[in-house]
Amino acid sequence: MERIITARSLKTDHAESELTALGRTKEKELEEGGVIRQPVFNAVYITPPLEDGKLGYFSPSGLVIVISEEVVEKCDHETVVNIFLHEFAHALDYAINGYLSGHSPFFRECCRIAGVDRGFEKSHVRTGLEREKERTDRIRKLMALSSSPFANEAAEALKKAKELMAKEGIPMKRSPDVRIYMVPLYQAKRFPFSIRMLLSYISTITGVYIVISQEGDMKTAIAYGSVEETETSIYLYDYLVAGAEEEVRRLRKQGEKVSKDSFLRGAVSELTRKTQNTAADTAIMQIRTENMKLTKKIVFPDTKLTRRVSRSHGGDSESYSKGVGYGSKLNIDPAIGRRELE
């Protein structure tokens, strides 16, 4: 399971579906042409803006093509398609060679096969984004002038703004693109009670809304929230699980019998007690409620989500006690992931 934070909205979902369909069409053409015999990619993700100004990348580990939401928001359709095909060409390079050859001559041949516009480079795209910003700034200034107390100046500014918006295909009023971000935290056929406790703790302290979905016999816990909230949920999950597992291994090497599930239960129980803060918890509850509403509206509009109450089935009390002791030594900032409501 690859941890990639992805954006969910009507616009990003549409772009994801459209690009996936384009990729499948290209795959079919390549298979019929005898170029490949297996899928080139598994999925397309639209993510928050990437580091170092990247507009997209191909991940060999999950065979995933990632496109920055900046591209979907600011680029025209032709540019979005070319950025996707550029990354598709990287995926094709990997499918044929078993490794990524960078921007090599063979990669450029893959670009030709995939149908990337000749001469299309990231610098070209970045220039396009800068032009888009210039157009947006100009329209914003014209709209500001349309409120001028001088009637002629106001009318002329509004006229030019309308002409520019019509030329660029920009509507006078944009419908708000309501958005939420998601990331998978845990995946397995069954969820131990300790993991359910940990997920509940993470939701309580960060404000993410966590949904456990099932496909086939596999279950996945997915956190929904802002970019900051989902990033914090990943950090907390990995930090607490890795730390508990390391401590359990240490204790076992000393000859002690320790149940990992009961140990983690004890650690999470103690952390929950330590980080209780009435004022902050009230704010987080409101944030989590808002994330829940957005998740249901954007991701599950036609699905009824049910709340399941997990029940503990006993456990090893001695391991639980050791976990409580371990949790008492952890110094997690009670304010981590918490923020005041605006």
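## How the angles work

Axes here are lines fitted to C-alpha atoms, for helices over the stretch in contact, and angles run from 0 to 180 degrees between N-to-C directions. Helices (H or I, at least four residues) and strands (E, at least two) are DSSP runs, numbered from the N terminus.

The model is predicted: local features need pLDDT of at least 70, side-chain atom pairs count only at pLDDT 80 or more, and totals for chains, interfaces and linings use all residues. Residues are numbered from 1 along each chain as its sequence is written, and side-chain values use heavy atoms, with hydrogens and water left out.

Take helix α3 (residues 77–97) and helix α4 (residues 105–114): they pack at about 120 degrees, with axes 8 Å apart. That makes α3 oblique to α4 (under 35 degrees is roughly parallel, over 145 roughly antiparallel, 65 to 115 roughly perpendicular, and the rest oblique).

Who makes the contact (heavy atoms within 4.5 Å)? On α3, the residues include Leu 85, Phe 88 and Ile 96, and on α4 they include Phe 106, Phe 107 and Cys 110.

## A four-stranded sheet

Next comes an open sheet of four strands, in the order β1-β5-β7-β6, with antiparallel pairing (two strands pair if DSSP finds at least two bridges between them). β1 (6–8) and β6 (209–215) are at the edges with a single partner strand each, so one side of each has no neighbour in the sheet. On average, neighbouring strands are turned by 40 degrees against each other, direction ignored.

β6 and β7 (residues 218–225) run antiparallel and are joined by seven bridges. Ile 210 sits opposite Ala 223 in β7. Helix α7 (residues 193–206) packs on the sheet, touching β5 (180–188), β6 and β7.

Definitions and conventions
Contact means heavy atoms within 4.5 Å.
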